[in-house]
Amino acid sequence: MGSWGHGLCVVLCFWGTVSGSMLQSRTVGPCTVNTGTVLISRNYMGNMDMNEVDHFMPIMMRMEEDADSSPLVTHGSAHFLWIKHRNLYLVAMTKKNANAALVYSFLYKMVEVFKEYFKELEEESIRDNFVTVYELMDEVMDFGFPQTTDSKILQEYITQQGHKLDVGAPRPPATVTNAVSWRSEGIKYRKNEVFMDVIESVNLLVSATGSVLRSEIVGSIKLKVVLSGMPELRLGLNDKVLFEITGREKSKTVELEDVKFHQCVRLSRFENDRTISFIPPDGESELMSYRLNTTVKPLIWIESVIEKFSHSRVEIKVKARSQFKSRSTANNVAIMVPVPSDADSPKFKTSTGSCKYLPEKSVVQWNIKSFPGGKEYMMRAHFGLPSVESTELEGRRPITVNFEIPYFTVSGIQVRYLKIIEKSGYEALPWVRYITQSGGETHTPFGPAVNPAITSLLKLGQEGFE
C-alpha cells in the first residue's frame, strides 16, 4: 500500500451534542480544545505540530452555524480529513496532498477493528482501553504507511490484557510479514465447508407514466470459510467477458462492471483469463463487489389513486399486481403507502392481507403473507384531515415494496463452480445462496394516478452446486 506521507497523524476526538449544538467539554486526555476533548492522538512522522488540532473543532462549530458540511477542512497548511461514529470523531491530519480515498478507507477500517475489539466504539470504550487502543494504532500504521488492519490477525498478538506486564508476551505471528497476511497457518477444522452468499441490491425508479428512469444492480459476494490449512479456491461465474474469450454461448451471461476484489484475489490471473483464484481469509469476508447496469422491471407493480371528499376526508386506492410467473410466490410482502402527517381516523378494506396505520412514520403498511405470481389485489384506506387542501403543501413520497421470493434471481448471475484445492486432499462442501434486496430509499413524488417508485426486496433460498 502507498504512503500517506508528509507528516500524517491520526486523532480521535469526542464531544457531545444537544439539539444539534456542540457542548463545551471537559479537560481530559493528552490535549484539549475549546469545544471538545481529544481522547487519543498519534503523530506517525513527528513533523506535524499537534497544536494544529486546536483549530479543527472551532472550524466545525463555524460550519455548523453556517449550516455547512465538508468531509475535509483546512487551516493554513494543515488538512483535516474526518469521519464520525456515534459520539466520536476520527480525524486524520496531513500537510500535503495525501490520497484522500486511502485516508477515509483507513479511518473506516479503524472503526471496524475497534468494534471487533470492544463490540461498540464510543467514548467509554476508548477511555476503558487506552493501552489497547495505543497498541492498535502503533500496529495498523508505521511512519505513514498502513500496515496490518485485519482484526483477526491483530487479535492473535494484541489482546485486551495487553497492558499487563507479561515476560512471555506473545510474539507477532508470521502472518504479519507473510505473503498471505490475511490468513494464519495451522488452521484445522473437523468439517470443511465454504458458504457463499451472492447479495444484490436493486435500485429501481419508475416514473408516474410507468417508464423505468433508473435501474441498477449493486452486488457483492461474501464468504464464510471453514477450511483447514492453506487452501486455494477457484471461482467461476457466468461472466460475459470470460465466455467471449473462450468462444462459448453467451446468451445467459452477465456483464460485470466496477469490479472490486479482496486483496486475496490474484489480480494478474483475473486480468489474463478472468479466473478468480485466491487463498481465502478464515471466517467471514467480502470477496468481491460489482455493478450491473441492466433494465429490471418491477416484480410487484403498484398503482395508486387519491380521491378527495367533502368533510375533509381522503380515500387512497392501491392496486398491487405481481409480474412474475405463477410458479413463484412472493412471501412476507409489505407495501408502505405514505399518507399526510396530520391524517386521523383511519379505516381500511383489503381483498387480501391486513393493514395497519403507523402514525410515527406517516404510512399505511399493507401486509400480504403470500403473493402468487400473476395475481392482483386491492386496498382502500380512508382518512380524515383537518383540511383537504393541506395535503398539497406536503412533499409526496414514494410507495415502497418489500418482499421475498425463494429460489429466484434478478440479474441472472450464477456461480458455475467453486473448486477447493488443498495439498492434504481433504473433501470440502461448498454451498451458495442468492439474495437480492432493496437498494436505497427513493424520493420521487408520486402523482394521484400511478405510483412512481418501487423499491423491491427479494430473499432467495439456498441453492446447491451441480
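A contact is defined as heavy atoms within 4.5 Å. In the chain, 70% of the contacts between residues at least 6 apart in sequence join residues at least 24 apart. The structure is a predicted model, in which local features need pLDDT of at least 70 and side-chain atom pairs count only at pLDDT 80 or more, whereas totals for chains, interfaces and linings use all residues. Residues are numbered from 1 along each chain as its sequence is written, and side-chain values use heavy atoms, with hydrogens and water left out.

Seven helices and 27 strands are assigned in the chain; helices (H or I, at least four residues) and strands (E, at least two) are DSSP runs, numbered from the N terminus. Of the 466 residues, 47% are buried, where buried means under 20% relative accessible area, exposed means over 50%, and partly exposed lies in between (1.4 Å probe, protein chains only).

The buried positions are Phe56, Met57, Pro58, Ile59, Met60, Met61 and Met63. Ala67, which follows helix 1, has a positive phi, near 55°.

Helix 2 (residues 100-118) contains 19 residues and reaches 27 Å from its first C-alpha to its last, close to the 27 Å expected at 1.5 Å a residue. The expected span is taken as 1.5 Å times one less than the number of residues. At the start of helix 2, a side-chain oxygen of Asn99 comes to within 3.2 Å of the backbone nitrogen of Ala101. Buried residues of helix 2 are Leu102, Val103, Tyr104, Phe106, Leu107, Met110, Val111, Val113, Phe114, Tyr117 and Phe118. An α-helix has 3.6 residues a turn, so residues three or four places apart point the same way. Just after helix 2, Lys119 adopts a positive phi of about 70°.

Strand 7 (residues 78-85) and strand 8 run antiparallel and are joined by seven bridges; two strands are treated as paired if DSSP finds at least two bridges between them. Within this pair, Ile83 stands opposite Leu90 of strand 8. The two strands form a hairpin with two residues between them, and Arg86 in the turn has a positive phi of about 55°. Strand 8 (residues 88-94) is mostly covered, with seven of its seven residues buried. In a regular strand the side chains alternate between the two faces of the sheet. Both faces of strand 8 are covered, with Leu88, Leu90, Ala92 and Thr94 buried on one side and Tyr89, Val91 and Met93 buried on the other.

An open sheet is formed by three strands in the order 15-13-25, with antiparallel pairing. Strand 15 (276-278) and strand 25 (415-421) stand at the edges with a single partner strand each, so one side of each is left without a neighbour in the sheet. Neighbouring strands of this sheet are turned by 15° against each other on average, direction ignored; axes are lines fitted to C-alpha atoms, for helices over the stretch in contact, and angles run from 0 to 180 degrees between N-to-C directions. Strand 13 (residues 232-237) is joined to strand 15 by three bridges, and Arg234 stands opposite Ser277 in strand 15.

Individual positions were also examined. Asp150 is placed in the loop between strand 10 (145-146) and helix 5 (151-154), and is buried at a relative accessible area of 17%. The C-alpha atoms of Asp150 and Val140, ten residues apart along the chain, are 8.8 Å from each other.

Gln365, in strand 22 (residues 363-372), is likewise buried, at 15% relative accessibility. Its side chain makes a polar contact with the side chain of Asn367 (2.8 Å). A polar contact is a pair of N or O atoms within 3.5 Å; within protein, one must be able to donate a hydrogen and the other to accept it, and residues adjacent in sequence count only if both atoms are side-chain atoms. Not counting residues up to four places away in sequence, Gln365 touches Ala334, Ile335, Met336, Ser354, Cys355, Lys356 and Leu358.

Positive phi values also occur within strands. Asn332, in strand 19 (residues 329-338), has a phi near 55° and is partly exposed, with a relative accessible area of 46%. Ser345, in strand 20 (residues 344-350), has a positive phi of about 50° although it is not a glycine, and counts as partly exposed at 44% relative accessibility.
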